[in-house]
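I opened this entry to keep track of what I looked up in one structure. The notes follow the order in which I checked things.

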Amino acid sequence: MDFSGKAVVFETLKKRKRGVFHTVPAPDATLDLLAMVHGLRERKKRQQKTEPLWPWSRITAWRRVLEVMDVAKITDGPHKCPKGLRYSYGVHAISKNIPLNMLQSGWDTPALK
């Protein structure tokens with residue numbers, strides 16, 4: 001979690017190597033909820049090493065995203081997949097006049113909140 005940058009940082013498994021990270025902007029409320037549920041601020045105060053929040057494989061993460069999409073009642077189609085969510089995020093951002101360079105960098109996009 002990057003509280004100062006207002007983002008969740010994921011180690012990507014797509015590149016099939018360790019140490020490749022992706023930063024996803026997140027609203028303060030989401031960061032606060034994740035910090036509370038996982039005790040992240042307390043760990044930081046005690047200078048404990050923070051373990052991954054979800055030690056899942058790529059396939060498990062894919063399944064979890066699909067489960068959430070089912071609960072959200074997202075209709076069937078090419079958009080009903082994790083890649084479809086990323087595409088929808090980009091289309092929504094562009095419709096809100098967010099510059100492409102901000103989308104590429106993955107930093108906070110306040111107009112999307």
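Confidence. I started with the pLDDT, as the model is predicted. Helix 1 has the highest confidence in the protein, with a mean of 88, and helix 5 (residues 100-105) has the lowest, with a mean of 69. I then looked at residues 107-113, where the pLDDT is below 50. Beyond near neighbours in sequence, this stretch still has 21 contacts in the model. Averaged over the protein, the pLDDT is 78, and 86% of the residues score at least 70.

Overall layout. I listed the elements next and found 5 helices and 2 strands. Read from the N terminus, their order is β-β-α-α-α-α-α. The protein has 113 residues, and 19% of them count as buried. I also looked up how far apart in sequence the contacts reach. Among contacts with a separation of 6 or more, 30% are between residues 24 or more positions apart.

Helix 1. Which residues of helix 1 (residues 28-38) are buried? I noted Leu31, Leu34 and Ala35. Viewed down the helix axis, these buried residues fall within an arc of 100°, so they line one face of helix 1. The general rule I had in mind is that an α-helix has 3.6 residues a turn, so residues three or four places apart point the same way. On the face turned away from the buried side of helix 1, I found the exposed residues Ala29, Met36 and Val37. What do the buried residues of helix 1 pack against? I found strand 1 (7-11) and helix 2 (40-45) there. Just after helix 1 comes Gly39, with a positive phi of about 60°.

Helix 4. I checked the length of helix 4 (residues 82-95) against its residue count. At 1.5 Å a residue, its 14 residues should span 20 Å. The end C-alpha atoms of helix 4 are 20 Å apart, so the two values agree. I wrote down Gly84, Gly90 and Ala93 as buried in helix 4. Asn97 follows helix 4 and has a positive phi, near 60°.

Lys6 is not a glycine, yet its phi is positive, at about 55°. I placed Lys6 in the segment before strand 1. Its relative accessibility is 29%, so Lys6 counts as partly exposed. Lys73 is also not a glycine and has a positive phi, of about 60°. Where does Lys73 lie? I found Lys73 in the loop between helix 3 (58-71) and helix 4. With a relative accessible area of 69%, Lys73 is exposed.

Aromatic rings. How many aromatic pairs does the structure hold? The count came out at 0. I then looked for charged side chains over ring faces. Arg41 lies over the face of Phe3, 4.4 Å from the ring centre. Arg64 lies over the face of Trp56, at 5.3 Å from the ring centre.

Methods
Residues numbered from 1 in each chain as written. Predicted model: local features only at pLDDT ≥ 70, side-chain atom pairs only at ≥ 80, totals over all residues. Heavy atoms only, no water. Phe/Tyr/Trp six-rings, centres within 6.5 Å; stacked < 30°, edge-to-face > 60°. Lys NZ or Arg CZ within 6 Å of the ring centre and 35° of its normal. Buried < 20%, exposed > 50% of the residue type's maximum accessible area, 1.4 Å probe, protein only. Helix = DSSP H or I, 4+ residues; strand = E, 2+ residues; numbered from the N terminus. Arc of directions from axis to C-beta. Contact = heavy atoms within 4.5 Å. pLDDT = per-residue confidence, 0-100. Expected span 1.5 Å × (residues − 1).
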